[in-house]
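Here is a short briefing to read alongside the sequence and the structure.

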Amino acid sequence: MEVMSFLVRGCYSLKHIQQAHGLMVTLGLEEARFIEACSSLGLSSYACSVFTRSPQPNINLYNTMIKALPPSDAISVYTRIQAAGLRPDTYSVPLVLKAVVRLGAVGIGRQVHCHSIVSGLDTHVSVVTALIHMYSSCGSVSDARRLFDGAAFRDVALWNAMIAGYAKLGHVDSARHVFETMPLNNSNVISWTALIAGYAQVNRPTEAIMVFRRMQLHNVQPDEITMLAALSACAQLGALHLGEWIHNYIQKHGFRELSSLNNALIDMYAKSGNIRKALQVFHSTIHKTVVTWTTMIAGLALHGLGTLALDMFAQMERAQIAPNHITFIAILSACSHAHLVQTGLRYFDIMVSRYRIQPKIVHYGCMIDLLGRAGYLQEAQQLVRQMPFEANAAIWGSLLAASNIHGNDELGEHALQNLIKLEPHNSGNYSLLSNTYTALGRWNDSRMLRKVMRDNGVKKMPGRSSIEVNSRVHGFIAGDKSHSERERIYEVIYKLLSQSTLAGHPQQDCGELLEFDE
């Protein structure tokens, strides 16, 4: 393989490739290695021509082609194996199933599964593992679980495939159950990471961090993917101290040059309230990708530093890094937080005219939010009517919030009517309109809205918050008295309320605005 790679790497024209091919034949080198070398250098068309001209291709050559070709072509080559008088082996099936996963073609995957049974390959652990991965990746996790339960032998790869299958589909409780039944000596960093990432993916960061801490207690060394998942959980929770520990670990173990981890660190610091540290990581990152710039711009926007975010975008343009549609979401968000209406309109135009990025519904949502926050309610409604998308809950929610800010009960009622159709059980929507009625002195309408909530079976979701103390994240729910330090907590709250009242900030409006208990 090294000889072939060396020969092909020095080729700059079709003639050079043909000469290397001739030398391969003269030296009696394997065609499979030549094909693999060609495909690794992007010369798949020539690799394919060598394969089709091979007088008697063996199964190794077929496998090489399945691995080298795009998914549809790879599946086509797989179907020709039996016609060539050959039988697929334990490499053929996993390779073609990777192509199936890329296409999301579970029907073809089932056919490959049938072929593996006929060929007697369905008892090989590598084939079963690939089938579990295929079924779960295509959304048929029940089929994956049947294979897992029926497996005569389970190695770590098989366990990991089932855990990851559940986790990627958001079935983290099922993933946790499989993980807990897995023999401890079978688990590895992949097992732990799949579970941590699964929890972070479904916005259950507390459990993600708990699993991460448990992983440390078992002396399992995290890798890049583990730290990305853990940093995502830290960002969701605002767990700054744990995020700093991960940052120190990254520096200590030589991961600091990985852009993906630096991007995650920037995101974590920004969402945990330390924008200065986020900027430090950004400036220390040598290889800044579009994701790096976008993450920093979004972080500045989150902190209300709209002008700095726009300056950062200007630096990005000077660095000749082309923005993508996510960059413009961050830019429009920065304009919204800073009430820069005309600037936002200009960037919305630049996105299309200069960068040829067609606005998605999320970009229109940012513009409607920008106009609504700034009080341009008629313009915001006009944009809703003009955009080539049906307004979603986020857009109607922005209009409802704008109506509350600017005391426009008519717009609030219209927005709520649409939100009730899209999110009939979201109590927050009712709360906003009720607050608008109360602020305008429409007490009867506020009470009627509460009655509508009760009649529709809508219950107010209690407020939630969290705080990190001594590297431990404490969660709180409004009205919850189960915390071990509840007496001290309430004592501090009462003191804060008293001081606030003495300072001329009476609290009587809060209960009227937010109280929805029956």
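A144 sits in helix α10, which covers residues 141-150. The points below begin with A144 and then move on to other places in the chain.

- A144 has a relative accessible area of 0%, so this residue is buried.
- Beyond residues up to four places away in sequence, A144 touches I132, Y135, S136 and M162.
- A144 and T129 are 15 residues apart along the chain, and their C-alpha atoms are separated by 9.1 Å.

**The chain as a whole**

- The chain has 30 helices and two strands.
- Of its 518 residues, 42% are buried.
- Among contacts with a separation of 6 or more, 58% join residues 24 or more positions apart.
- The accessible surface of the chain is about 27,400 Å², and carbon and sulfur atoms make up 54% of that surface.

**Confidence in the model**

- The average pLDDT of the chain is 85, and 82% of the residues score at least 70.
- Residues 508-518 have a pLDDT below 50, although this stretch has 16 contacts in the model beyond near neighbours in sequence.
- Where pLDDT is low, the predicted coordinates should not be read in detail.

- The buried residues of α19 are T292, W293, T294, T295, M296, I297, G299, L300 and A301.
- Which helices do these buried residues pack against? The partners are α17 (259-271), α18 (275-284), α20 (306-318) and α21 (325-337).

- Most residues other than glycine have a negative phi, and most peptide bonds are trans.
- Q320 is not a glycine, yet its phi is positive, at about 60 degrees.
- Q320 belongs to the loop between α20 and α21, and its 73% relative accessibility means that Q320 counts as exposed.
- R356, also a residue other than glycine, has a positive phi near 55 degrees.
- The loop that holds R356 runs between α22 (341-353) and α23 (361-373). R356 is exposed, with a relative accessible area of 67%.

**Two buried serines**

- S187 is found in the loop between α12 (172-181) and α13 (189-201).
- Is S187 buried or exposed? With a relative accessibility of 17%, S187 counts as buried, because the cut-off for buried is under 20%.
- A polar atom of the S187 side chain lies 2.9 Å from the backbone oxygen of L184.
- Once neighbours within four places in sequence are left aside, S187 is in contact with M182 and W192.
- S403 lies in helix α25, residues 393-406, and is buried, with a relative accessible area of 0%.
- Leaving aside neighbours within four places in sequence, the contacts of S403 are N408, L411, G412 and T436.

**V101 in helix α7**

- V101 is part of helix α7, which covers residues 92-103.
- The relative accessibility of V101 is 24%, so V101 counts as partly exposed.
- Which residues does V101 touch, not counting those up to four places away in sequence? V101 touches H133, M134 and S137.
- V101 and S137 are 36 residues apart along the chain, and the separation of their C-alpha atoms is 6.4 Å.

**Cysteines**

- A disulfide is a covalent bond between the sulfur atoms of two cysteines.
- How many disulfides does a search of the whole structure find? The search finds zero disulfides.
- C114 counts as partly exposed, at 46% relative accessibility.
- C234 counts as buried, at 0% relative accessibility.

Note on methods: Residues numbered from 1 in each chain as written. Predicted model: local features only at pLDDT ≥ 70, side-chain atom pairs only at ≥ 80, totals over all residues. Heavy atoms only, no water. Buried < 20%, exposed > 50% of the residue type's maximum accessible area, 1.4 Å probe, protein only. Helix = DSSP H or I, 4+ residues; strand = E, 2+ residues; numbered from the N terminus. Contact = heavy atoms within 4.5 Å. Polar contact = N/O pair within 3.5 Å; in protein donor to acceptor, adjacent residues only side chain to side chain. Areas by Shrake-Rupley, 256 points an atom, 1.4 Å probe, with all protein chains shown as cover. Disulfide = S-S within 2.5 Å. pLDDT = per-residue confidence, 0-100.
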